[in-house]
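Here is a friendly walk through a protein model. Take a look at the sequence and the 3D view, then read on.

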Amino acid sequence: MIKKLRWALIPLVLVLSSLVAPANAATVTYAKYTWSDTVYRVTDGQAQAIDYNTWVAAGRPTPTTNSVIPGSYLYKWGTHQNIGLIDPTGAYHWLSSAEWNALGTPGYANRSNEGFVKLSWDSNIARMTDLNAGQGYPINLATWRAENSPEPRVANRFTGDQFYKYEGSDDIWYAGPTVNRVITFAEWQAAGSPAPRVIAAQWANPITGRVQGNYGQDRGSYTHYGEDIAAPRGTAVRATGSGTVVRTKTGVAEGSTASNGVLSGRTGNAIMVHHDDGTASYYGHLQNVNVSIGQRVTANQQIATSGNTGNSTGPHLHFEIHLRQDGNSPTNPRTFLLNRGVTLGS
Ligand SMILES: [Zn+2]
């Protein structure tokens with residue numbers, strides 16, 4: 001009898017509660033991560049960090065800590081054993097396995113072919129964009145710290161790196177994602193004593209003009225991976241080293257903002273040369289292109305005239321050097337040439 005009565009009351013309770021609460025009230029919960037002091041108010045799947053006073057005003061609710069807060073990003077590099085978590089405020093944290101378990105073993109972006117690698121014999125850290133192919137670029141300490149200082153994988157070599165000597169010299173050069181420089185005997189041994197390739201030595205200044213010094217400049221949506229050398233239209237552009245022309249672009253007008261299709265960007269008429277030492281050079285905003293794809297060129301041979309084609313604010317040569325021939329390993333061209341006895345622009 002009593003049981004029957006209780007069941008009969010339930011519909012009444014439901015009706016009463018629906019009268020008290022607004023029909024579609026948002027569910028508000030509070031959450032935080034155990035390693036952080038930030039408390040979030042979560043409403044309709046949206047998390048907002050709240051300050052102490054707001055938390056007190058809300059009645060000091062105990063935040064939950066057992067699930068991923070909306071707006072967080074979880075990821076795992078191929079070179080790092082921990083899963084990284086970026087919280088909705090942008091703060092980084094490496095999850096211990098206990099912390100990951102406590103969050104309910106959430107899924108994460110598996111960036112297994114990317115990560116951070118350092119040579120055992122060189123201090124630079126490479127941010128690898130393709131571990132299998134050995135593609136990446138050097139990062140500075142600030143960038144590495146901004147990634148929450150992931151412990152880099154230590155390796156003796158990178159896939160596809162190069163050891164070479166110039167004819168008539170005993171120096172061994174190394175070209176990889178992080179450096180292109182002469183290495184010591186001990187460094188060469190640490191790399192496994194690979195036989196260096198012998199190549200003809202010759203490098204040349206690609207153009208005479210005023211060097212802007214803007215390699216590596218942050219331009220918001222992209223980084224300026226070349227050096228700009230101001231020079232009047234029609235100035236001779238010369239191959240910086242011997243090699244083969246692999247790509248050209250012609251027919252681009254001044255002021256055109258169309259992507260040129262040689263390298264990403266809008267550098268107008270352009271040439272890419274693959275050099276015999278495994279590096280590559282790129283020349284953009286050209287007025288005239290005097291070579292064709294497949295053509296062999298020697299250092300200091302004129303290959304073009306400079307101009308102002310493409311997305312450019314004044315006549316100049318956009319000049320890039322890549323440590324490998326993937327179009328994705330830029331290095332400072334001024335330093336690169338200076339290491340080979342050539343002063344860019346002079
Ligand atoms: Zn440029």
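## Before you start

This is a predicted model, where local features need pLDDT of at least 70, side-chain atom pairs count only at pLDDT 80 or more, and totals for chains, interfaces and linings use all residues. Residues are numbered from 1 along each chain, as its sequence is written.

## The overall outline

Let's begin with the parts list: the protein has 6 helices and 27 strands. Both are DSSP runs, numbered from the N terminus: helices are H or I with at least four residues, and strands are E with at least two.

How spread out is the protein? Its radius of gyration is 29 Å, well over the 20 Å that the globule rule gives for 346 residues, so the protein is more spread out than a compact globule. (That radius is taken over C-alpha atoms, and the rule is 2.2 Å times the number of residues to the power 0.38.) Along the principal axes, the C-alpha atoms fill a box of roughly 105 × 50 × 35 Å.

Buried residues make up 33% of the 346 residues. Here, buried means that 20 or more other C-beta atoms lie within 10 Å of a residue's own, exposed means 12 or fewer, and partly exposed is in between, with C-beta atoms placed from the backbone. As for contacts (C-beta atoms, placed from the backbone, within 7 Å), 62% of those between residues at least 6 apart in sequence join residues at least 24 apart.

Two strands count as paired if DSSP finds at least two bridges between them.

S2 (residues 39-43) and S3 pair over 5 bridges in the antiparallel sense, and threonine 43 stands opposite glutamine 46 in S3.

## A four-strand sheet

Another open sheet has 4 strands, ordered S14-S13-S12-S15, and its pairing is mixed. At the edges sit S14 (180-183) and S15 (197-199), each of which pairs on one side only. From one strand to the next, the twist averages 35°.

S13 (residues 172-175) runs antiparallel to S14, with 4 bridges joining them; tyrosine 174 has arginine 181 in S14 as its bridge partner. S12 (residues 162-166) is joined to S13 by 3 bridges, again antiparallel, and glutamine 162 stands opposite alanine 175 in S13. The hairpin of S12 and S13 has 5 residues between the strands, and there glycine 168 takes a positive phi near 80°. S12 and S15 run parallel, joined by 3 bridges, with valine 198 in S15 as the bridge partner of lysine 165.

## Strand S4 and its partners

S4 (residues 73-77) is joined by 3 bridges to S5 (residues 83-86), and the two run antiparallel. A hairpin through 5 residues links them. S4 also runs parallel to S7 (residues 109-111), again with 3 bridges, and tryptophan 77 has arginine 111 in S7 as its bridge partner.

## The nonpolar cores

A nonpolar core is a set of buried Ala, Val, Leu, Ile, Met, Phe, Trp, Tyr and Cys residues joined through C-beta atoms within 7 Å. The largest has 27 residues, and those touching the most other members are Ile229, Val237, Ile271, Tyr283, Leu286, Ala304 and Leu317. Elements giving two or more residues to this core include S22 (269-275), S23 (280-289) and helix H6 (333-338). S23 gives the most, with 5 residues. Apart from this core lies another, of 8 residues, among them Trp77, Val117, Ala126 and Met128.

## Valine 28 up close

Is valine 28 buried or exposed? With 11 C-beta neighbours inside 10 Å, valine 28 counts as exposed. This residue lies in S1 and touches Arg41 and Thr43, not counting residues up to four places away in sequence. The C-alpha atoms of valine 28 and valine 289, 261 residues apart along the chain, are separated by 64 Å.

Terms used
Axes are lines fitted to C-alpha atoms, for helices over the stretch in contact, and angles run from 0 to 180 degrees between N-to-C directions. Two residues are in contact if their C-beta atoms, placed from the backbone, lie within 7 Å.
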